[in-house]
Amino acid sequence: MASAAANGVLQRFHPFLKKFPLSNAINTVFTRKLHSKELKKFYKTATISQNNGQFEINLDKRKLRTPLGNVFIVPNESLALAVATEWNGQKNIIKQNKMHLTTLCNTAIDNPLQRSKTDLIRSILHFLETDTLCYRMSEPEDLLELQKQKWDPIIDWFKNRYNVPIETTTTFALPCISDATIGGIHTQLNSYTMWGLTGIFSAVECVKSLILTMGLVERHLTVNDAVFLSRLEMEFQTQKWGSVEWYHDLDLYENRARLAAAVLFTHWSSENASMKQKTTAKMRAFV
């Protein structure tokens, strides 16, 4: 009777717990505490274990769970090792806002917005219509020339790689993106899994450019190059007027970290679980 009453209270105040029996309540409380904004480190070591061809993360002997209480399962060993490294890199306080791979995995597993693959592709394609590289400043002239010099080669690569036309604009009007372009890029994006698309979406959000993101995914650009190109106007203004050093440096390093994690996540998510990948060699390709 006591268990039934407790179960009723839990279900009344926490509707999402209806998916779980009372025996999982402890795990749920643990999960909510784990994903709070600030948490003291409570474990010694993060390790990985294989289960039916997929990989789980263990904090000491307890399975890691997502914010919605799902078991944290990733598709291959490379990604599992990278996530475990994030957790092992935490000191006295767990800084989850710096654990970008863990965050991406949580999003892929929980799918909090309940997006379908079609929804995610549509959201990514929306950025093509407002791509940073397609909008130019008509003045000052030296900034326009800098944008042509730095951005045009990447746009040319994108057009040739995917055999699609791309136009730029110096007005507030949206550049004309043809149906052929949308269709061609849609086909390319559709070849990725939901996990891979989660990484691509995160990268696009970071640099506000699908063109730069695909340059990264295709190994045509490095992370440093992509971040610099996405911030070209800011870099121009900084060189001209100076910067608030600590602020701009922190913002720059954060963008690089988020973008590197998103691209690595995309590649690792595309691996087969049986494939072996040298993590260090992969990281050198993007930084």
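How many bridges join strand E3 to strand E5, and in which direction do the two strands run? Two bridges join them, and E3 and E5 run antiparallel. The model behind this report is predicted.

## Strand E3 and its partners

Strand E3 covers residues 54–59. Five of its six residues are buried, so the strand is mostly covered. E3 pairs with E2, which spans residues 46–51. Six bridges join E2 to E3, and the two run antiparallel. Asparagine 51 has glutamine 54 in E3 as its bridge partner.

E3 also meets E5, residues 73–74, through two bridges. There, glutamate 56 stands opposite isoleucine 73 of E5. A further two bridges link E3 to E4, residues 62–63, again in antiparallel fashion. Asparagine 58 has lysine 63 in E4 as its bridge partner.

## Two hairpins

E2 and E3 form a hairpin. Two residues lie between the strands. Asparagine 52 sits in this turn, with a positive phi of about 55°.

E3 and E4 form a hairpin too, with two residues between them. Here the turn holds aspartate 60, whose phi is positive at about 60°.

## Helix H4 and what follows

Is helix H4 largely enclosed or largely open? Eight of its eleven residues are buried, so H4 is largely enclosed by the rest of the structure. The buried residues are His100, Leu101, Thr102, Leu104, Cys105, Asn106, Ala108 and Asp110.

Just after H4 comes asparagine 111, with a positive phi of about 45°. Is glutamine 114 buried or exposed? Its relative accessible area is 60%, and the cut-off for exposed is over 50%, so glutamine 114 counts as exposed.

Lysine 208 lies in the loop between H8 and helix H9 (210–217). It is not a glycine, yet its phi is positive at about 55°. Lysine 208 has a relative accessible area of 46%. Buried means under 20% and exposed means over 50%, so lysine 208 is partly exposed.

## The largest pocket

The largest pocket holds about 380 Å³ of space. Its lining has 17 residues. Closest to the pocket centre are Leu104, Thr107, Thr198, Phe201 and Ser202. Among them, Leu104 is also one of the buried residues of H4.

Which helices each supply at least two lining residues? Helix H4 (100–110) and helix H8 (194–207) do. H8 gives the largest share of the lining, six residues. By type, the lining divides into eight nonpolar, six polar and three charged residues.

Key. Residues are numbered from 1 along each chain as its sequence is written. This is a predicted model: local features need pLDDT of at least 70, side-chain atom pairs count only at pLDDT 80 or more; totals for chains, interfaces and linings use all residues. Side-chain values use heavy atoms; hydrogens and water are left out. On a 1 Å grid over the protein atoms alone, a cavity is a set of points where a 1.4 Å probe fits but cannot get out, and a pocket is an open set with protein on both sides within 12 Å along at least five of seven lines; lining residues have an atom within 4 Å of a point. Grid points are joined across faces, edges and corners, and a volume is the space filled by probe spheres set on the points. Helices (H or I, at least four residues) and strands (E, at least two) are DSSP runs, numbered from the N terminus. Ala, Val, Leu, Ile, Met, Phe, Trp, Tyr, Cys and Pro count as nonpolar, Asp, Glu, Lys and Arg as charged, and the others, Gly among them, as polar. Buried means under 20% relative accessible area, exposed over 50%, partly exposed in between (1.4 Å probe, protein chains only). Two strands pair if DSSP finds at least two bridges between them.
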